[in-house]
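Colleague: I have a structure to go through with you. Shall we take it step by step?

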Amino acid sequence: MADKPSFTIYTDNPSILFNGFYNEKIMNLDFRLTILEEMHNNNIHGCKIWIFENFKEKLKNEGKVYYSVPFYYKNYQFLMKLNINMKCDSHKEEEIGLYIIMRSSPYDALLKWPFLNHVITFKLSGPNGKQMKKSFITENNVSFQRPARDGENVGYGYCNFIKKADNNDYLIENKLYIKY
């Protein structure tokens with residue numbers, strides 16, 4: 001197979017080069033680079049951190065669900081993401097839910113399913129030293145089965161992760177730092 005010729009185009013107006021098909025490809029590459037940067041930058045001492053910004057403003061959006069950037073659990077194995085549900089009405093108190101969601105990935109065929117007996121821990125640390133930690137062990141249910149191709153499973157976690165009234169105990173500069 002013959003090599004494709006290579007060439008370089010110099011221009012002061014890059015929009016001339018990137019329209020339609022190429023814009024979509026560049027946006028896809030930019031999105032993938034963002035995910036890789038987030039995965040690298042948010043892994044501190046083996047612990048990942050989701051920095052959930054503008055928390056007080058987002059708290060006003062009752063019923064809204066926010067998602068983290070997808071991440072790999074242990075050396076590019078299982079692909080997951082977190083979600084925060086801003087309104088969970090368990091136990092007649094307004095609480096915020098935190099869930100983990102299994103996503104499909106190119107490596108799924110190589111992995112052992114279901115995703116069993118793994119300890120998942122969520123931690124919060126406040127500015128005054130107050131800490132909160134909740135953990136669970138993955139079990140054999142629909143949330144931890146192999147996701148459908150190009151899909152994701154139902155989330156699993158805590159509907160009562162944190163009470164809305166207690167959120168200020170864990171905010172640092174209007175950000176919630178969720179370690180997992």
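Colleague: How many bridges join β2 to β11?

Modeller: This is a predicted model. In it, β2 and β11 run antiparallel. At one point I51 stands opposite Y177 in β11. The number of bridges joining the two strands is four.

Colleague: How many residues of β2 are buried?

Modeller: A residue counts as buried when its relative accessible area is under 20%. β2 has six residues, and the strand is mostly covered. The number buried is five.

Colleague: Is N54 buried, partly exposed or exposed?

Modeller: Start with its place. N54 sits in the loop between β2 (47-52) and α2 (55-59). Its phi is positive, about 55 degrees, although N54 is not a glycine. Its relative accessibility is 43%, so N54 counts as partly exposed.

Colleague: What is the relative accessible area of E173?

Modeller: E173 is in the loop between β10 (171-172) and β11 (175-179). This residue is not a glycine, yet its phi is positive, near 50 degrees. Exposed means over 50%. E173 is exposed because its relative accessible area is 67%.

Key:
Residues are numbered from 1 along each chain as its sequence is written. This is a predicted model: local features need pLDDT of at least 70, side-chain atom pairs count only at pLDDT 80 or more; totals for chains, interfaces and linings use all residues. Side-chain values use heavy atoms; hydrogens and water are left out. Buried means under 20% relative accessible area, exposed over 50%, partly exposed in between (1.4 Å probe, protein chains only). Two strands pair if DSSP finds at least two bridges between them.
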